[in-house]
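I open this notebook to look up pockets, cavities, charged contacts and one stretch of sheet. The entries follow in the order I made them.

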Amino acid sequence: MNKRVLINGVLILAAAAFVSFGLSADAVAQGQPQPAPTLPPGMKGSDAKDPRAKLKAGLFDAGEAAFGIKHLTLLKKPAAFDVGTDPNSPMMGKALTALGIPPDAKIPEAMKLSFAPLAFANSDIAFQGKHLFLGNFYGINIYDISDPAKTQLITSMQCPGGQGDVSVYGNLLFMSVEMPNGRLDCGEQGFPPQTAPGLPSANKDRFRGVRIFDITDIKAPKQVAAIQTCRGSHTHTLVPDPKDPNNIYVYVSGTSFVRQDEELAGCSGGAPDKDPNTALFRIDVIKVPLAAPPDAKIVASPRLFIDPRTGAYNGLSDGGSHENKGKPTDSDQCHDITVYPEIGLAAGACSGNGLLLDIKDPANPKRIDAVNDPNYAYWHSAAFSNDGSKVVFTDEWGGGMGPRCRENDPNVWGADAVFGIVDDKLKFESYYKMPAAQTEEENCVAHNGSLIPVPGRDIKVQAWYQGGISIMDFTDGAKPFEIAYFDRGPIDAKALVMGGSWSAYWYNGNIYSSEIARGLDVFELTPTKFLSQNEIDAARSVQVAQLNVQSQQRLMWSKKPVIARAYLDQLERSKAMSAKDIAAIRTALVSAEKKRSGKGLKRSVAVVEKAQAASKNAADTARLKALAEVLRSPTF
């Protein structure tokens, strides 16, 4: 038996433990890491000649490669959240216990390194004002980002239960809890060891669902509500209702096992044809009265997968094919749902399908379209373009625990898929996968990201675990391309140690990355041939009061000269205007700024409108129209 087969065998044992203890059910469902496959005929793999392909390994001294991104700082994890890389350390034993695996279990060291760190993994990020909230499988860390390059830890809150996804709204902080070691009181003592195979023993002190904290005192969050759900909360999404400012809604996506009725009355994991109350094939909707959050409760459990003709709950069962080898699996869960309240739509990444939902009535979302893709294994997350005309889905092939960016991994597997939205239907346009080949020791697959607000373009920054961060332009949904990246080498040169970027988000001028094993990274963009300083400055001019990436809000730009300069740079790049006209408008803008008056820009407006009338490219036409609006009435 070779090393790889041995590891796979142990992984199967570990997977059984995960199923019992509810950790990363989506990861287990994707199967165990396999040797790099032979590239299927007609498919293209990743680029082994890319500068990122063979970086030096190391936890804090790994080799780095970057283009268009400057790394400002790395804040290492607080000690209480740092499991380290010693497979025999007390922290590693604590991590194994948290996962439901005895610390003395006969598991190879390499195997421990692969999955034990998950118990202390950094996860998703939320922002509000000068504060950054970093989720972790063991709690939450809150940072002050007033000076991004000198980001400081404000407080740590230990509260185990994975996976700790966070959102923030006003003075309330929301946290997802899914693992069975979560307790109502946030205690770290867990529960008595399991005495028999199967589900953990029922216990009324167990908590799986969504916690709500009052953060009026940012240094001392206080739990004010804990809403139990049958499958726990893998992720959640805040849904502001434009018509109802007194409440906020929470869509809860549970991907783990269904707990026993003895622990939470009414929970059932039965087959839908035999048990109409099954907790499978649905999400939960929590209504939170903002004036009285302790009164928060589940108000609906919509059956998003139902067949409208027959009423069957499992109406969508056309799971991805390249992992299932042609055998469909039921879609009985959503991994993540991104809502865009202003346009009344949500995009659900729901295991075997991508869904488009009508959320005009937030408490009762309705499926209006569903798609599948033969190259997808697990629909993981989604992001709308700012105008709502496109949506980018990610495929978390392998659940994030395996190397999926090797030279022989097809570049359409574990990738992004760009869909256009036409008449409330999803229309496939293209794939995008970060192009650099990664090693066997680097977990790598598409994961979480957000839009970068460059006017005139659709740009997304996205995490790829140990594939690092990749920024793509998907203005033309049929031809997305990479414009910037940052990557480190693997944590270990011989074993796959769980790590990498979980989420990479733009917030008020900087990129923040939740690094699973190392801590919190902060970046800034630098100009390249693909992105000018004016475009970066225009993006930095967009400031929001808070950001929960799964609750998308429309980005708006001012009419300041920097916005006009960003459009001019784009029009120069695309050659949509002559160099002479662009130079003349730039000169006129300088003069207008000195005079703090736009009266002298009339000729510039006329030139732009003439170019707009002649434009044959939709993106350039939109840029020219927006440029004319800025020049017509600029603000200084």
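**Entry 1, the largest pocket.** I began with the lining of the largest pocket and sorted its residues by type: 13 are nonpolar, eight are polar and 14 are charged. The model is a predicted one, and I kept that in mind throughout. For the volume of the largest pocket I noted about 1,000 Å³. The lining has 35 residues, and those closest to the centre are Gly-456, Arg-457, Thr-475, Ala-619 and Arg-623. H9 has the largest share, with nine residues.

Arg-623 meets Asp-620 in a salt bridge, with 2.9 Å from N to O. Both residues sit in helix H9, three residues apart, which is about one turn of the helix. Are Asp-620 and Arg-623 buried or exposed? Both are buried. Arg-457 belongs to a network of salt bridges that also links Asp-473, Glu-535 and Arg-573.

For the whole model I recorded a count of 28 salt bridges. I looked at two more of them in detail.

- Arg-518 bridges to Glu-515, and their closest N and O atoms are 2.8 Å apart. Arg-518 has a relative accessibility of 2%, so it counts as buried. Glu-515, at 3%, is buried because its value is under the 20% cut-off.
- Asp-284 bridges to Arg-282 at 3.4 Å, N to O. Asp-284 counts as buried at 8% relative accessibility. Arg-282 has 16%, and it counts as buried because the cut-off is 20%.

How many cavities of 30 Å³ or more does a search of the whole structure find? The search finds nine. The largest cavity holds about 240 Å³ of space. I listed 19 lining residues for the largest cavity, and the closest to its centre are Ser-450, Leu-451, Leu-547, Gln-553 and Leu-555. By type, the lining of this cavity divides into 11 nonpolar residues, seven polar and one charged. Two strands, S23 (448-451) and S27 (501-507), each supply at least two residues of that lining. The largest share, three residues, comes from S23.

**Entry 5, strand S9 and its partners.** Five of its six residues are buried, so S9 is largely enclosed by the rest of the structure. I checked which strands pair with S9 and in what sense. Strand S8, residues 172-177, pairs with S9 in the antiparallel sense over six bridges. In that pairing, Leu-172 has Asp-214 of S9 as its bridge partner. Strand S10, residues 222-228, also pairs with S9 in the antiparallel sense, over six bridges. There, the bridge partner of Gly-209 is Gln-228 in S10.

Definitions and conventions: Residues numbered from 1 in each chain as written. Predicted model: local features only at pLDDT ≥ 70, side-chain atom pairs only at ≥ 80, totals over all residues. Heavy atoms only, no water. 1 Å grid on protein atoms, 1.4 Å probe; cavity = no way out; pocket = protein on both sides within 12 Å on 5 of 7 lines; lining within 4 Å. Points joined across faces, edges and corners; volume = space filled by probe spheres on them. Helix = DSSP H or I, 4+ residues; strand = E, 2+ residues; numbered from the N terminus. Nonpolar A, V, L, I, M, F, W, Y, C, P; charged D, E, K, R; others polar. Salt bridge = Lys/Arg side-chain N within 4 Å of Asp/Glu carboxyl O. Buried < 20%, exposed > 50% of the residue type's maximum accessible area, 1.4 Å probe, protein only. Pairing = 2+ DSSP bridges.
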